Amino acid sequence: MALSMSGIVAVLMVLSLAPLSLGGGYLCPEYYDKSCPQVKEIVWSMVAKAVAKEPRMAASLLRLHFHDCFVKGCDASILLDSSGSIVSEKGSKPNKNSARGFEVIDDIKAAVEQACPKTVSCADILALTARYSTVVAGGPNWEVPLGRRDSLGASLSGSNNDIPAPNNTLPTIITKFKRQGLDVVDVVALAGAHTIGFSRCTSFRQRLYNQSGNGLADSTLDESYAMQLRWGCPRSGSDDNLFPLDYVSPAQFDNYYYKNILVGKGLLNSDQILFTKSATTRQLVELYAANIGIFYDHFAKSMIKMGNITPLTGLEGEVRTNCRRINSS
């Protein structure tokens, strides 16, 4: 059933009152104020430097936080390399040849360890990095609740099954969000992260050539836009060719992602179906396309909510000294 605009506002009021943790212990922005007061400045400066060197890195770092939180919660499991009994999430379908920015996280962690040894978790570094990647790209700012600890393992199956995929149906995407304690408002607001960054040809080729198994392109895709995409994304090969998720301003965190969807120029199937498959999500797309301030506000609230999915706290997990491996390995 579609929500009225008043209904959407009511949902958002509930969202704004969401607790700081969807499971586990309590997190707070001041967690490191005494033990590592310089951590935010260190992360900010190093993210800014990395994005200045390569603008695409803002989207890559933001995406790491998404892909971490949707698998066993926000516990830095995505950063672990395979070793011993650990099978890395980096080899999963959503991450293989796609997830990137690990070296930037390594550099940030090394700098933080030098300043504050064995104090700041990799999970919190990912959360702060997501915030500053958004800000440096021109997007909203928010206070990041801190105090997460790092996992002692990874989940390849969780990474393969729990992360929303470009060709998932809208009900499947919504269900995957609901499993994490996130709602339909979070679905549409967090999709706005696609206002920056790139996607590979293999992630949307089906829309260009065989969307429904009948050899035809996706009818909801603007034909002139489809023709442009076909030049660099043929029927076979060129899987890793990159295309901007927001062709208007791929390095600027704005609301053109939603404006593009309104005219049939969402790149991924999972983008365009927000407009075509549900009156509720369509209303939110239209709202964010019309009002960037509301989008920024809702995106920040949803990022806080997502960042607090089942964190490890207290004596759970550990604080890794190297984000790629557990301390005992």
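1. A crossing of two helices is termed right-handed if the near helix is turned clockwise from the far one by less than a right angle, and left-handed if it is turned anticlockwise. In this predicted model, the crossing of α2 and α4 is right-handed. Helix α2 comprises residues 39-53, and α4 spans 102-115. Their axes come within 10 Å and cross at roughly 150 degrees. Because angles over 145 degrees count as roughly antiparallel, α2 and α4 are described as roughly antiparallel to each other.

2. The residues that form this helix pair can be listed from both sides. By class, the contact of α2 with α4 has 11 nonpolar residues, one charged residue and no polar residue.

3. Helix α8 (residues 184-191) packs on helix α14 (residues 292-306) at an angle of about 110 degrees, and their axes are 9 Å apart. Since the range from 65 to 115 degrees counts as roughly perpendicular, this description applies to α8 and α14. The crossing of α8 and α14 is left-handed. On the α8 side, the contact is made by V185, D186, A189 and L190; on the α14 side, F295, H298, F299, S302, M303, K305 and M306 take part. The residues of the contact between α8 and α14 divide into seven nonpolar, two polar and two charged.

4. Apart from neighbours within four places in sequence, S77 is in contact with D68, V71, K72, E89, S151, G153, A154 and R320.

5. S92 is placed in the loop that runs between α3 (57-69) and α4 (102-115). With a relative accessibility of 1%, S92 is buried. A polar atom of the S92 side chain lies 3.0 Å from the backbone oxygen of E89, and E89 is also among the residues in contact with S77. Not counting residues up to four places away in sequence, S92 touches L156, S159 and N160. The C-alpha atoms of S92 and N167 are separated by 16 Å, with the two residues 75 apart along the chain.

6. Two aspartates are likewise assigned to the buried class. D124 belongs to helix α5 (residues 122-136) and is buried at 0% relative accessibility. When neighbours within four places in sequence are set aside, the contacts of D124 are Y32, P145, L146, G147 and R148.

7. D246 lies in the loop between β2 (242-244) and α11 (256-262). The relative accessible area of D246 is 0%, so D246 counts as buried. The side chain of D246 makes a polar contact with the side chain of N260 at 2.9 Å. Beyond neighbours within four places in sequence, the residues in contact with D246 are H194, T195, D254, Y256, Y257 and N260. D246 and Y258 are 12 residues apart along the chain, and their C-alpha atoms are separated by 8.9 Å.

Conventions
Residues are numbered from 1 along each chain as its sequence is written. This is a predicted model: local features need pLDDT of at least 70, side-chain atom pairs count only at pLDDT 80 or more; totals for chains, interfaces and linings use all residues. Side-chain values use heavy atoms; hydrogens and water are left out. Helices (H or I, at least four residues) and strands (E, at least two) are DSSP runs, numbered from the N terminus. Buried means under 20% relative accessible area, exposed over 50%, partly exposed in between (1.4 Å probe, protein chains only). Contact means heavy atoms within 4.5 Å. A polar contact is a pair of N or O atoms within 3.5 Å; within protein, one must be able to donate a hydrogen and the other to accept it, and residues adjacent in sequence count only if both atoms are side-chain atoms. Axes are lines fitted to C-alpha atoms, for helices over the stretch in contact, and angles run from 0 to 180 degrees between N-to-C directions. Angles under 35 degrees count as roughly parallel, over 145 as roughly antiparallel, 65 to 115 as roughly perpendicular and the rest as oblique. Ala, Val, Leu, Ile, Met, Phe, Trp, Tyr, Cys and Pro count as nonpolar, Asp, Glu, Lys and Arg as charged, and the others, Gly among them, as polar.
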